[in-house]
Amino acid sequence: MRPIATLAPARAVPARAIDGGLGNVAIGALIVTALYLGRDVFVPIALAILFSFVLAPLVKGLQKLRVPRSLAVITVVLIAFSALGALTMAMVGQATQLAGDLPVYQSTMREKIASLRGAGPGSGVLSRAADVLQDLGKELDKPQAKDASPLAPSVRPPDARPIPVEVHQPEPGALETLRAFLTPLIHPLTTTGIVVIFVVFILLQREDLRNRFIRLTGTYDLQKTTAAFDDAARRLSRLFLTQLVLNAGFGLVIGTGLWLIGVPSALLWGILSAILRFIPYLGAILAAIFPMVIAASVDPGWTMLAWTAALFLVAEPLAGHVVEPLVYGRSTGLSPVAIVVAATFWTWLWGPIGLVLATPLTVCLVVLGRHVERLEFLDVLLGDRPALSAPEIFYQRVLAGDPAEAADKAEEVLKERSLSVYYDEVALEGLRLAASDAARGVLDATRQTRILETVREVVDDLADHDDRNPAVGEMTNDPEAEAAIAETDEAEGSADLPILAPENLGEAFRGEDRVVCVAAQSELDEAAALMLTQILGKHGLTARVLPADTLSTNNLAALAADQPALICLCYLDGTSSAHMKYAIKRLRRRLPSTVIILGSLSPNAGLATELQATVLADKVETSLRGMSNACLTYAMRNVSASLET
């Protein structure tokens with residue numbers, strides 16, 4: 001019978017952790033509720049904060065010209081809001097004129113609809129069906145006929161007819177007319193006034209507000225926190241000002257193009273295009289719908305509509321995929337999912353104004369998350385930076401037995417980095433994480449076997465790549481690959497490893513099985529040995545991999561019989577110095593003339609220096625690239641020795 005496995009007792013979750021999690025959820029729910037209920041106050045504050053980021057560089061520019069801060073703030077705010085007021089009045093005038101011309105466009109639209117109905121086969125049937133439904137609807141909407149009176153017609157009085165009654169409202173007086181005119185304007189004017197007041201005070205008290213926020217987030221590292229906030233404010237100001245300029249330029253192009261095409265109210269559509277472009281993904285589509293409808297209504301043909309559609313189809317991709325990447329860089333810092341979620345959340349919270357503010361507000365939150373430790377979760381949830389580092393992603397993929405995705409990520413990195421650098425800085429670091437888990441007892445033998453087989457497939461998939469620095473790296477659009485490339489910037493060597501031609505190899509290194517890479521303790525060491533073998537093969541030195549049981553008595557005798565010229569011993573566990581010394585002594589006893597290179601593949605450089613002085617190895621290295629260079633050097637030394645003799 002198979003023994004019944006005993007279940008480990010579940011680890012109790014501390015009550016303090018549960019209370020802390022529930023407390024954070026309650027605080028988050030309270031904040032969302034406050035934002036929803038107090039939207040009449042928070043919306044102007046949010047607008048004021050965004051305006052302050054846009055106007056702050058202009059205020060600083062005036063201050064550099066020796067203009068007092070108060071005067072600079074008032075001047076900039078007056079100019080900015082005067083321009084906004086002028087644009088608003090222009091939009092109102094254009095909208096009023098358009099509303100007056102709509103009856104003129106109605107007949108053109110009816111003619112086009114009628115032509116569309118008769119354009120295709122079967123349209124007559126559809127038209128008749130639509131007429132039937134329309135007649136049926138009219139019949140259903142008719143009021144019921146009153147029941148006939150029980151009295152005979154001869155009994156009714158001849159002049160019994162209903163008397164029509166009309167109710168007329170009195171003419172509105174001056175106060176009523178003024179009230180009807182001002183009521184729709186009260187809320188926008190109030191919001192505008194609050195925004196102006198907050199913008200002025202934020203610009204005047206910018207440093208004081210910064211210091212108070214630093215106090216709230218913590219003063220344990222004042223220098224670092226201050227530098228972070230200054231950097232965040234500078235980046236946000238540049239981002240929002242650039243976005244405003246680009247969207248204004250987009251609106252100018254659209255407005256000018258529509259004016260040249262002949263679409264009425266071109267100024268209105270240009271301003272709306274600039275505003276709606278703040279809405280992610282849908283903004284350009286919404287901006288195109290209205291002028292296209294008007295173009296179809298004005299032109300009896302389809303030429304104006306076609307030119308209008310072409311204008312948006314050319315301008316939006318050009319702005320979104322050419323101009324913006326050149327100005328912003330590759331990204332504004334938000335993941336695509338975060339943009340959609342943020343747009344949905346802020347629209348639900350604050351309505352249409354929330355949809356326009358969604359991206360700027362979310363960018364603010366992500367920047368705070370990158371600079372404030374307590375808000376780091378915002379960067380993890382909303383930012384475009386990978387949640388896991390490149391070695392963690394490699395370890396997670398090989399642990400899950402997914403060589404395809406691991407190889408795909410490697411392919412992206414190899415566009416700008418050499419194979420040996422990728423193995424050292426990404427794959428080997430991932431194997432070190434696995435070795436750490438194995439040392440803690442949380443990675444069993446079955447999973448280690450799966451990791452080895454997955455790494456074997458990844459190495460096989462990368463066999464077509466040469467180990468050299470790409471002359472011109474091909475750009476990648478994968479954020480995780482970009483992070484991996486950034487992590488290997490400092491690790492990239494200044495020169496490639498040498499490539500040995502067969503005729504340049506010494507006599508001891510010619511033939512099969514002259515170089516052996518031995519896994520010292522586990523299958524994880526064997527995975528590292530596979531990578532080392534491939535690197536050596538790329539540089540003209542053929543090697544083979546032996547498993548972890550090679551150092552046993554029987555297998556060691558077989559290895560001694562082969563008499564290899566060089567042995568590379570791979571260790572991922574840098575704490576097993578006693579095992580290293582014992583293994584090298586056994587190898588040296590059986591193979592006294594063989595070159596032995598010890599690979600202590602751990603980040604502990606001090607241990608490597610200690611081992612170099614105490615073990616009997618010819619060379620101690622801490623990286624695959626270092627081991628490869630040592631192997632190639634010993635091969636070339638044999639060439640030199642043979643020439644001298």
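**Negative patch and its surroundings**

Modeller: Helix α17 gives the negative patch its largest share, three residues. The model is predicted, so local features need pLDDT of at least 70 and side-chain atom pairs pLDDT 80 or more, while totals for chains, interfaces and linings use all residues. Numbering runs from 1 along each chain as its sequence is written, and side-chain values rest on heavy atoms, without hydrogens or water.

The patch on the surface gathers D408, E411, E457, D460, D461 and D464. A patch takes residues with over 30% relative accessible area and no salt bridge, joining like charges within 9 Å and nonpolar side chains (Val, Leu, Ile, Met, Phe, Trp, Tyr) within 5 Å. At least two patch residues come from each of α15 (403-413) and α17 (445-461). Helices are DSSP runs of H or I, at least four residues long, numbered from the N terminus. D408 sits in α15 and is partly exposed, at 49% relative accessible area. Here buried means under 20%, exposed over 50%, and partly exposed in between, with areas from the Shrake-Rupley method, a 1.4 Å probe and only the protein chains shown as cover.

The surface also carries a nonpolar patch made of Y281, L282, I285, L286, I289, F290, V293 and V340, with about 740 Å² of accessible area together. Helix α9 (residues 283-298) gives the most to this patch, five residues. Y281 belongs to the loop between α8 (266-276) and α9, and is exposed at 53%.

Next come the charged pairs. The whole structure has 12 salt bridges, each a side-chain nitrogen of Lys or Arg within 4 Å of a carboxyl oxygen of Asp or Glu. R456, a residue of α17, pairs with E526 at 3.6 Å, N to O. This pair links distant parts of the chain, since E526 lies in helix α19 (residues 523-538), 70 residues from R456. E526 is buried at 11%, whereas R456 is partly exposed at 32%.

The bridge between E429 and R432 has its closest N and O atoms 2.5 Å apart. These two stand three residues apart in helix α16 (residues 419-439), so about one helical turn separates them. E429 is partly exposed at 27%, and R432 is buried at 14%.

E507 and R510 form a salt bridge at 3.3 Å, N to O; E507 is exposed at 59%, and R510 is partly exposed at 38%. Salt bridges with shared partners also join R397, D402 and E405 into one network.

C631 is buried at 0%, and C364 is buried at 11%. T359, in helix α12 (residues 352-371), is buried at 13%. Its C-alpha atom lies 9.3 Å from that of W346, and T359 and W346 are 13 residues apart along the chain.

Definitions and conventions. Lys and Arg count as positive and Asp and Glu as negative; His and the chain ends are not counted. The place of a charge is taken as NZ of Lys, CZ of Arg, CG of Asp or CD of Glu. Buried means under 20% relative accessible area, exposed over 50%, partly exposed in between (1.4 Å probe, protein chains only).
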